[in-house]
Amino acid sequence: MRRIAWATPALAVLLSACTIGSAAGQAIGQPDAVPHASTKDSTKASHLLNASDSPPTLPATASGGPGRFPPTAKGILDGKVVLVDPGHNGGNFAAPSIINRLIWNGRETETCDTTGTQTDGGYTEALFNWHVALYLTADLRAEGATVVLTRTSNTGVGPCVTERAAIGNEVHANAAVSVHADGGPPGGRGFAILEPVADGINDAIVGPSAILGADLRAAFETGTGEPVSSYDGVDGIQPRDDLAGINLSLVPKVFIECANMRNAADAALVTSLRWQALAARAIAAGLASFLVGRH
Ligand SMILES: [Zn+2]
């Protein structure tokens with residue numbers, strides 16, 4: 001039976017609700033660990049209603065490092081593995097010696113990681129990205145996907161952007177998304193998708209990533225009502241050749257800059273749990289559109 005329980009029309013079409021399955025989670029490198037899932041892990045699609053409460057939580061054993069989380073139910077994403085990469089990390093601010101280390105990003109050197117931006121009121125991008133990733137993880141697992149997270153808390157440091165790409169490659173993710181928000185000019189607003197540029201390493205994923213990007217753009221615009229960026233890219237798409245996360249990826253991958261945290265209108269959105277959940281739901285719809293292969 002199809003039960004339409006999704007707030008985003010595109011996702012309502014794509015994703016049907018199914019029975020709730022077991023909700024065990026385990027960390028990478030700990031295949032024997034079968035921790036208890038939190039109660040919110042199994043409250044399918046209900047978090048939009050409870051968004052003023054708090055984001056979904058991960059199984060209690062999540063250590064802060066990368067983690068792999070199996071489906072909580074069957075759905076149209078059965079068998080799919082999705083890498084969700086919440087940009088930056090809450091501990092980066094206090095660890096400049098670690099995150100400023102130079103790494104090779106496939107084309108040039110860049111720093112291991114950065115702190116990310118924040119609103120004028122001090123709400124950090126790292127926290128926004130983390131919350132969206134939690135909502136997104138719950139949405140994807142509830143539709144049958146296994147989700148691999150590059151970090152499982154907002155209190156750690158890194159990992160380096162090279163490692164964020166490597167994790168997606170190691171698990172052979174069917175799709176990967178880095179979740180960010182921008183620190184653009186205060187007068188500009190909107191979202192943008194950052195797509196890979198061929199560099200020899202990532203050549204095979206440039207085409208599929210463009211399809212993923214188009215699917216995400218359409219779903220995010222429909223699902224959130226957010227306009228495409230007025231200052232970044234063309235029609236919401238911006239090719240980038242300076243990001244390790246996509247320079248080194250061997251799986252289809254894009255970044256999404258969900259909004260401009262330095263813009264007053266966008267800042268009001270990104271600091272809202274309800275909008276964070278809405279953004280996640282829209283990203284899930286875009287990923288689902290790509291993963292069900294209607295191309
Ligand atoms: Zn960022």
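Let's start with helix α8, which covers residues 273–291: its 19 residues reach 26 Å from the first C-alpha to the last, close to the 27 Å expected at 1.5 Å a residue. That expected span is 1.5 Å times one less than the number of residues. Helices here are DSSP runs of H or I with at least four residues, strands are runs of E with at least two, and both are numbered from the N terminus.

Before going on, note that this is a predicted model, where local features need pLDDT of at least 70, side-chain atom pairs count only at pLDDT 80 or more, and totals for chains, interfaces and linings use all residues. Residues are numbered from 1 along each chain as its sequence is written, and side-chain values use heavy atoms, with hydrogens and water left out.

Back to α8. Is it mostly covered or uncovered? It is mostly covered, with 17 of its 19 residues buried. Buried means under 20% relative accessible area, exposed means over 50%, and partly exposed is in between (1.4 Å probe, protein chains only). At the start of the helix, a side-chain oxygen of Ser-272 comes within 3.2 Å of the backbone nitrogen of Arg-274. After α8 comes Gly-293, with a positive phi near 65 degrees.

Now for the metal. The zinc ion has three protein donors named here: His-88 (NE2), Glu-125 (OE) and His-180 (ND1), lying 2.1 Å from it. Donors are N, O and S atoms within 2.8 Å of the metal (3.2 Å for Na, K and Ca); water is not among the atoms, so sites may look incomplete. Along the chain, the donors follow the spacing H-x36-E-x54-H. Glu-125 sits in helix α3 (residues 125–141) and His-180 in strand β6 (residues 175–182), so this pair ties together parts 55 residues apart in sequence. Glu-125 counts as buried because its relative accessibility is 2%, and His-180 counts as buried at 10%.

Next, the charged pairs. How many salt bridges does a search of the whole structure find? It finds seven, where a salt bridge is a side-chain nitrogen of Lys or Arg within 4 Å of a carboxyl oxygen of Asp or Glu. Here are some of them:

| Pair | N to O distance |
|---|---|
| Arg-164 and Asp-85 | 2.8 Å |
| Arg-262 and Asp-120 | 2.9 Å |
| Arg-240 and Asp-242 | 2.8 Å |

The pair of Arg-164 in helix α4 (residues 161–170) and Asp-85 in strand β2 (residues 81–86) links distant parts of the chain, 79 residues apart. Both Arg-164 and Asp-85 are buried.

Arg-262 lies in the loop between β9 (253–260) and α7 (264–270), and Asp-120 in the loop between β4 (109–111) and α3, so that pair ties together parts 142 residues apart in sequence. Arg-262 is partly exposed at 30% relative accessibility, while Asp-120 is exposed at 64%.

As for the remaining pair in the table, Arg-240 is partly exposed at 24%, and Asp-242 is partly exposed at 26%. Elsewhere, salt bridges that share partners join Asp-85, Asp-113 and Arg-164 into one network.

Finally, the whole chain. It has eight helices and nine strands, and buried residues make up 57% of its 295 residues. The chain averages a pLDDT of 87, and 82% of the residues score at least 70; pLDDT is the predictor's confidence in each residue, from 0 to 100. Over residues 1–46, pLDDT stays under 50. Where pLDDT is low, the predicted coordinates should not be read in detail.

Definitions and conventions
Polar contact = N/O pair within 3.5 Å; in protein donor to acceptor, adjacent residues only side chain to side chain. Contact = heavy atoms within 4.5 Å.
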